[in-house]
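Colleague: I am new to this structure and would like to go through it by question and answer. Please show it first.

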Amino acid sequence: MNIMKKYMGKGVCGAIAIGSAHVFKRSEAVVKRERTDDCEGEKARFESAKAKALQQLGEIHQKALKEVGEANAKIFEIHMLMLEDDDYNESVNNIIDSQKVNAEYAVAVTADNFAEMFSSMEDSYMQARAADVKDISNRIIVNLADKGGESAGLPDRMIVCADDLAPSETVLLDKDRVLAFVTARGSSNSHTAILARNMGIPAVIGAGNDFLENIKEGDCIIVDGYTGEVFVSPDSVTLDAMSRRQKEDEEKRQLLQELKGKENVTLDGTRVNIFANIGGVENIGAVLLNDAGGIGLFRSEFLYLENGDYPTEEQQFAAYKKVLESMAGKKVIIRTLDIGADKKVDYFNLDGEENPALGFRAIRICLARPEIFRTQLRALYRASVYGNLGIMFPMITSVREVERILEICASVREELKAEGLEYSDSVELGVMIETPAAAIISDRLAPIVDFFSVGTNDLTQYTLACDRQNPNLEEFCDTHHEAVLRLIETAAKNAHAGGAWIGICGELAADTELTESFLRMGIDELSVSPAYVLKVRDKVRRTDLSVAK
Ligand code: PEP
Ligand code: MG
């Protein structure tokens, strides 16, 4: 009899799956070093395996575009570019020529060298490219051996267990055949995790090497994408309990669906807007599916993070226009560039900093480099005629900053007018309240803006002096801390006294333990991940503010 084993990883996509394990074996060809006298022949083999890889990646890219959207599909464009990279190709050809070896070996050595080089870089984005260079090289090696693709022959309704999954492998998982996946390694910020979330496949990553060493084909396995727990060969008590939770979870989801089209109104008649947060155009489907009333936060910096260079005015215009048009007149609040701190972009060439969260980030960069800011504002204003746009500015700490921003906005509007380019006159301008300074001076800010949006993620980090990236500070990072809640309440009072409205777009907006408090503070809008819209609506509709507290 099998003894139940429990492993712990990170749940990256909520939901529970119960099924049998399929141990994912990559069709990695074993690479042997073989001497050859026909270097030209080996180089030609490499070229044709590469051409095949490019064609395969083109197909995967198309599939990804349909299933997970443009931003997530981008990685396969990057893979195609990597395959065409001169240094990569030169290295393979040089190894074949200088060592008189087979193409497989030259590709494997090149992959190791490049992966090592990427891993040793300081930038975490570049470090992540190590897995990508391995991924593309493995594809070429498989093609050289003329073996089938990695997901060929994947059984139906299985929980895929792997050491790690490359983005190309993840996107090839067929949503109808794969119940969930568990990886031994990987981080919650990896492309694999992001893809899982967007594809809606329950997943646990980083379950540890022990997990992979012990899991066997066909083992019964339970994956809890909420808690990150993985049970292998569960005992009957655990299996019953988790089956019940899975059923309840499914029932809850079904019940929430009935709230589509219903109003966000409390039992005593108080109304609130429930909007959604997005990172890119590809998330709009989820926004519409979950019946959000608008978009409360479009993190525009992802347009910059995905790009190898500054996105042009036209590129940005196209993205903003698409979001505004898709939302068909519903409010769309786009936040200007919030780069810096944990969101690094190489081409900005920013200096390293001792304390990046307290450093040169967000609006500070925009004001210091107005050409970047003006390009974004031009794109935003030009797109404004296609819907109901609000623009908000991150990391505000002073009135002077806001006055400067408003001057720049006015001058961009003047410039567009002079060029005969159209923009809407009703674009609302707002500031994020995500520093204690902004909350404290919110009485001075409210009269000069249209709205506030509270960024509780940063407001908590700066109020409680807790780096939000540091996993060791969780016990200190109390998001319900009185200091944070008082600052939100202060901002709400000052917003209304100064003629502005106020929303919350940080993660706390989805915390239903606080919904009632937020409504009592007079918060006008809660903006949450698309998947939480109906859950918050449900909470609002059960709340009665007429009952004294
Ligand atoms: C926040 O700080 O709460 C916020 C919404 O912005 P971000 O998480 O992108 O910093
Ligand atoms: Mg923030």
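Colleague: Which residue in strand 13 does Phe393 stand opposite?

Modeller: This is a predicted model, in which local features need pLDDT of at least 70, side-chain atom pairs count only at pLDDT 80 or more, and totals for chains, interfaces and linings use all residues. Residues are numbered from 1 along each chain as its sequence is written, chains are lettered from A and ligands numbered from 1 in the order in which they are written, and side-chain values use heavy atoms, with hydrogens and water left out. Strands (E, at least two residues) and helices (H or I, at least four) are DSSP runs numbered from the N terminus. In strand 13, the residue opposite Phe393 is Val431.

Colleague: How many bridges join strand 12 to strand 13?

Modeller: Two strands pair if DSSP finds at least two bridges between them. Met392 has Gly430 in strand 13 as its bridge partner. Strand 12 (residues 388-393) and strand 13 run parallel, and the number of bridges joining them is four.

Colleague: Which helix makes a β-α-β unit with strand 12 and strand 13?

Modeller: A crossover is right-handed if, with the strands pointing away from the viewer, the path from the first strand over the helix to the second runs clockwise. The unit that contains strand 12 and strand 13 is right-handed, and its helix is helix 14 (residues 399-418).

Colleague: What is the bridge partner of Gly430 in strand 14?

Modeller: Strand 13 also pairs with strand 14 (residues 451-454), in the parallel sense and over four bridges. Within strand 14, the partner of Gly430 is Phe451.

Colleague: How many of the six residues of strand 13 are buried?

Modeller: Buried means under 20% relative accessible area, exposed means over 50%, and partly exposed lies in between (1.4 Å probe, protein chains only). Strand 13 (residues 428-433) is mostly covered, and its count of buried residues is five.

Colleague: Which residue of strand 15 stands opposite Ser453?

Modeller: Strand 14 and strand 15 pair in the parallel sense over four bridges. In strand 15 (residues 501-504), Trp501 and Gly503 point one way and Ile502 and Ile504 the other, and all are buried. The residue opposite Ser453 is Gly503.

Colleague: What is the average twist from one strand to the next in the closed barrel?

Modeller: The closed barrel has eight strands, runs 9-10-11-12-13-14-15-16 and has parallel pairing. Angles run from 0 to 180 degrees between N-to-C directions, with axes as lines fitted to C-alpha atoms, for helices over the stretch in contact. From one strand to the next, the twist averages 25 degrees.

Colleague: Which strands are at the edges of the open sheet?

Modeller: The open sheet has eight strands in the order 1-8-7-3-4-5-6-2, with mixed pairing. Each edge strand pairs on one side only, and the two are strand 1 (5-8) and strand 2 (10-13).

Colleague: At about what angle to strand 3 does helix 8 run?

Modeller: Strand 3 (residues 16-23) pairs with strand 4 (residues 158-162) in the parallel sense over four bridges, and Val23 stands opposite Cys161. Helix 8 (residues 236-257) lies across strand 3, strand 7 (220-224) and strand 8 (229-232), and its angle to strand 3 is about 120 degrees.

Colleague: Which residue follows helix 17?

Modeller: Helix 17 (residues 456-464) is mostly covered, with eight of its nine residues buried. Those buried residues pack against several elements, including strand 13, helix 15 (436-440) and helix 18 (482-497). The residue after helix 17 has a positive phi, near 55 degrees, and is Ala465.

Colleague: Does Lys43 count as buried or exposed?

Modeller: Lys43 lies in helix 1 (residues 39-83). Contact means heavy atoms within 4.5 Å, and, not counting residues up to four places away in sequence, Lys43 touches Asn93, Ile96 and Asp97. Because its relative accessibility is 16%, Lys43 counts as buried.
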